[in-house]
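Please keep the sequence and the structure in view while working through the topics below.

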Amino acid sequence: APTAAPPVAVAAAREGGIVVASIRGPISPSVAEYVERAVETGRERGAALLVIELDTPGGLDASMRTITQAILNAPLPVAVHVAPSGARAASAGTFITLAADVAAMAPGTTIGAAHPVGLGGGVGDATVAGKLVNDAAAYARSLAERHGRNGDWAEKAVRDSASLTETQALKEKVIDLIAPDLDGLLGALEGREIKRTEGLVVLRTAGRPVERLPMDWRRRVLDWLSDPNVAYLLLMLGVIGIFFELAHPGVIFPGVVGGIALILAFYALQQLPVSGAGLLLILLSLILFFAEIKVVSHGILGVGGVIALTLGSMMLVRSPVSWLRVSLAAIVPMVAVTSLFFLVVLRLALKARRRPPASGREGMVGAVGEALQDLAPTGNVFVHGEIWSARGAGDVRKGDRVRVVAVNGLSLEVRKDQEEK
């Protein structure tokens with residue numbers, strides 16, 4: 001009877017090098033794009049292996065699923081290495097590690113705590129929360145069992161937020177090996193057999209050139225914008241700039257900067273669990289500040305604005321995890337600067353705008369000078385350090401203080417200053 005042919009080692013003949021991508025920080029849409037690019041680069045290079053060095057506290061579920069799908073459907077083997085020492089593959093990082101063909105950890109690292117976090121930060125509907133947990137638990141088990149790893153622990157990491165050190169993870173068959181660094185990982189993987197959809201794959205990593213793939217500047221900017229603190233600062237900068245432009249039409253620069261900052265803030269905030277109440281409180285605070293400038297409220301509107309701004313800033317991004325919230329280190333200075341801007345700087349600017357002109361044709365009207373001779377009815381007067389030809393209204397004698405009431409070409413119309421003593 002014919003015997004089944006053994007699986008073919010399809011990767012043994014791959015002559016490409018090793019492509020290395022590094023994830024440091026939360027999992028965001030820009031990080032997902034970066035991993036997809038790394039997979040595509042590995043395919044184009046004919047690489048023998050893609051290594052993803054991972055250190056993350058977690059991130060967005062949609063971005064995590066994009067990354068796991070890219071790994072699962074990659075045309076080349078993918079290894080996830082939780083490194084360096086002190087790194088973690090928490091929450092979304094657990095799923096990414098479990099999705100890899102090879103899961104490795106450096107000494108002093110951890111994995112787990114993959115319980116799904118509601119974007120609203122609240123308790124929410126128990127039925128909906130239960131569905132999210134069940135879906136995430138089934139997904140984690142599926143990823144683990146796909147590569148012959150511990151599906152029971154993967155489900156426990158979701159339901160009970162279980163975590164493991166690298167030695168515990170190896171013992172529990174959650175990962176495949178422990179490697180201190182990239183060289184140690186590549187050395188341990190030389191000749192290792194892994195199962196992929198196309199059959200048995202033999203890894204050849206010894207002596208292969210290593211190409212590190214940095215995140216390009218566009219994705220770095222987008223990743224930077226996904227930081228809640230950056231989104232908050234851009235929001236405040238944008239609103240202040242727009243308000244300043246409305247108070248002083250024609251200044252242009254604050255309006256341009258404010259408009260750009262506001263658009264960037266909206267882009268960043270759409271990726272975060274934003275509280276509508278927090279956003280409304282911030283807008284209310286700015287209205288109160290503006291009203292304080294226009295209305296005499298003895299400071300009541302200003303105090304209300306400070307309170308509303310503080311509460312709105314603290315409520316703007318609601319999440320039980322610290323890295324998804326706006327930090328007090330950003331809130332306190334911004335509240336102080338914004339309050340100072342509206343209550344002091346903008347008030348002084350508006351006062352200066354209402355002040356009568358001090359130069360030019362309009363600046364001469366109301367100016368006080370001295371009659372150098374009797375105005376009968378014309379003569380010379382001394383105003384603003386200059387001698388002007390003037391026409392007097394009424395009885396104006398030499399030496400009298402006069403006030404300019406009109407400017408007619410190069411001649412002034414003056415009258416005797418009624419405030420003269």
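Arg45 is partly exposed, its relative accessibility being 45%. The side chain of Arg45 meets that of Glu211 in a salt bridge, with N and O 3.0 Å apart. The model to which these residues belong is a predicted one.

**Salt bridges**

- Arg149 and Asp176 form a salt bridge through their side chains, at a distance of 2.8 Å from N to O.
- This second pair joins two loops: Arg149 is in the loop between α4 (126-146) and α5 (151-159), while Asp176, 27 residues apart from it, is in the loop between α6 (166-171) and β8 (177-178).
- Arg149 is buried because its relative accessibility is 6%, and the cut-off for that class is under 20%.
- Asp176, by contrast, has a relative accessible area of 23% and is partly exposed.
- A salt bridge also connects Arg204 with Glu190, whose closest N and O atoms are 3.4 Å apart.
- A network of salt bridges links Arg141, Glu145, Asp152, Glu155 and Arg159.
- In the whole structure, a search finds 18 salt bridges.

**Helices and their buried residues**

- In helix α8 (residues 217-225), the buried residues are Arg219, Leu222 and Leu225.
- These buried residues line one face of α8, because they fall within an arc of 120 degrees when the helix is seen down its axis.
- An α-helix has 3.6 residues a turn, so residues three or four places apart point the same way.
- Trp217 and Trp224 are exposed, on the face of α8 that is turned away from the buried side.
- Helix α3 (residues 92-99) is mostly covered, with eight of its eight residues buried.
- Among the buried residues of α3 are Gly93, Phe95, Ile96 and Leu98.

**A buried serine in a loop**

- Ser275 is located in the loop between α10 (253-269) and α11 (276-294).
- The relative accessible area of Ser275 is 8%, so this residue is buried.
- Apart from neighbours within four places in sequence, Ser275 has contacts with Met315, Leu316 and Arg318.

**The chain as a whole**

- The secondary structure consists of 14 helices and 16 strands.
- The chain has 421 residues, of which 46% count as buried.
- Among contacts with a separation of 6 or more, 66% are between residues 24 or more positions apart.
- The chain exposes about 20,800 Å², and carbon and sulfur atoms supply 60% of this area.

**Confidence in the prediction**

- The average pLDDT of the chain is 83, and 86% of the residues score at least 70.
- Confidence is highest in strand β3 (residues 78-82), at 97, and lowest in helix α14 (residues 360-364), at a mean of 64.
- The pLDDT is below 50 over residues 1-13, a stretch with 12 contacts in the model beyond near neighbours in sequence.
- Residues 119-124 also have a pLDDT below 50, and this stretch has seven such contacts.

Key:
Residues numbered from 1 in each chain as written. Predicted model: local features only at pLDDT ≥ 70, side-chain atom pairs only at ≥ 80, totals over all residues. Heavy atoms only, no water. Helix = DSSP H or I, 4+ residues; strand = E, 2+ residues; numbered from the N terminus. Buried < 20%, exposed > 50% of the residue type's maximum accessible area, 1.4 Å probe, protein only. Contact = heavy atoms within 4.5 Å. Arc of directions from axis to C-beta. pLDDT = per-residue confidence, 0-100. Areas by Shrake-Rupley, 256 points an atom, 1.4 Å probe, with all protein chains shown as cover. Salt bridge = Lys/Arg side-chain N within 4 Å of Asp/Glu carboxyl O.
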